[in-house]
Amino acid sequence: MHLKENHSLTRLAKFALILALAAPRLFAQEPIPADWCRALPRPQYKSLERVPVTNPWFEVYKPAPGVFAIYEPHQAEETIGYLIVGKKKALLFDTGMGISDVKKVTSELTKLPIVVLNSHTHDDHVGGNWQFATVYGMDTEFTRKNAQGSREDAQAEITPDQICGTLPTGFDPKTYATRPWKIAAKLHDGDKFDLGGRAIEVIATPGHTPDAISLIDRANGLLFTGDTYYPAPIWLFRPETDLNAYAKSIRRLAALAPQVKLVLGAHNIPIAPPTVLARLVAAFDAVRAGKVSATPDSPGKVLYKVGDISFLMRAVPEPKPH
């Protein structure tokens, strides 16, 4: 279950869901709402300008001038990609789930040529990569492997508890997979993209994954953090996660706070104040120092919560008695 919130169902709720799915239903056209749907719509979106698009799978908002947050509220990841527009080019930071046509959405937002960068290459951030000709990738084996696509990861994203509402018309769940894409060029820490009157700089922020990056638009005070920070339990339990690297990366981002006006994460809500960066470091340090109690989550995972910041991490096995 690939969720960005602590949406764990109780045993009773799970049983009720299974029973409901298995039994004949009088109103089959009405999907069973997953528990996480109840938090939607998130109130923070009321403060943002919504931009109309024709594809109902997506919602698009404008968190800053020349920036479009492309949000997928109907799937539990609640992914957010960002289209950053200059005068000559546009940069798309993540292409989402690949459940619906993100390229059609971007074509409604800009007619400029688009280059794609990924905050990292987990399946929920690269689903639409195949639709674009120019996709940069970090020079890591993790990136190259994920560029080959994945069916198993994609299929896990469309189980009933992962979908809010209905899947797009014409979508075939049986064939859904993250399609392979071509890495057009290698990406490195410090690379800069001139979009025409707008410079975007790449900051390597490994930890969540080996290929994780953030972007900074220094002139406009915008920091795009991918999955290094977002306002929900941050996933730090997967095999590719490196906690030491993550600690270094968040310190690097926190040092940028005086230059930042807005932090834009890759899930749930596209806006956070720069003060969150120092709090992120302090919260993670407290967890690693053993100052925060863990709450059991799904099997093999525990949740650490410090104020409004939380981390979903691997449970440490208890020592065996001698």
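I count a residue as buried when its relative accessible area is under 20%. I am working on a predicted model.

**Backbone entries**

I went to Asp94 with that cut-off in hand. Its relative accessible area is 3%, so Asp94 is buried. I then looked up its backbone. Asp94 has a positive phi of about 85°, and it is not a glycine. I placed Asp94 in the loop between strand S5 (90–93) and helix H2 (102–109).

I checked Glu78 next. Glu78 also is not a glycine, yet its phi is positive, at about 45°. I found Glu78 in the loop that runs between strand S3 (67–71) and strand S4 (80–85). Buried or exposed? Glu78 is buried, because its relative accessibility is 0%.

I noted why such entries deserve a line: most residues other than glycine have a negative phi, and most peptide bonds are trans.

Which peptide bond did I log as cis? I logged the one from Leu40 to Pro41, with omega near -5°. Pro41 lies in the loop between helix H1 (11–22) and strand S1 (49–51).

**Aromatic entries**

How many aromatic pairs does the structure hold? I have nine on the list. I opened the pair of Phe93 and Phe224. The ring centres are 6.4 Å apart and the planes stand at 80°, so I filed this pair as edge-to-face. The pair links distant parts of the chain, with Phe93 in strand S5 and Phe224 in strand S12 (residues 222–226), 131 residues apart. I checked burial for each partner. Phe93 is buried at 1% relative accessible area. Phe224 is buried at 0%.

I turned to Phe284 and Phe311. This pair is edge-to-face, with 5.4 Å from centre to centre and 65° between the planes. Phe284 belongs to helix H7 (residues 275–288) and Phe311 to strand S17 (residues 309–314). The two are 27 residues apart, and their pair links distant parts of the chain. I read a relative accessible area of 0% for Phe284, so Phe284 is buried. Phe311 is buried too, with a relative accessible area of 0%.

I also logged one aromatic cluster, formed by Tyr45, Tyr61 and Tyr71.

**Charges over rings**

Where does the charged end of Lys103 sit? I found it over the ring of Phe132, 5.8 Å from the ring's centre. I then looked up Lys301. Lys301 lies over the face of Phe237, at 4.9 Å from the ring centre.

How values were computed. Residues are numbered from 1 along each chain as its sequence is written. This is a predicted model: local features need pLDDT of at least 70, side-chain atom pairs count only at pLDDT 80 or more; totals for chains, interfaces and linings use all residues. Side-chain values use heavy atoms; hydrogens and water are left out. Helices (H or I, at least four residues) and strands (E, at least two) are DSSP runs, numbered from the N terminus. Buried means under 20% relative accessible area, exposed over 50%, partly exposed in between (1.4 Å probe, protein chains only). Rings of Phe, Tyr and Trp (its six-membered ring) pair if their centres lie within 6.5 Å; planes under 30 degrees apart count as stacked, over 60 as edge-to-face and the rest as tilted. A charge sits over a ring if NZ of Lys or CZ of Arg is within 6 Å of the ring centre and within 35 degrees of the ring normal.
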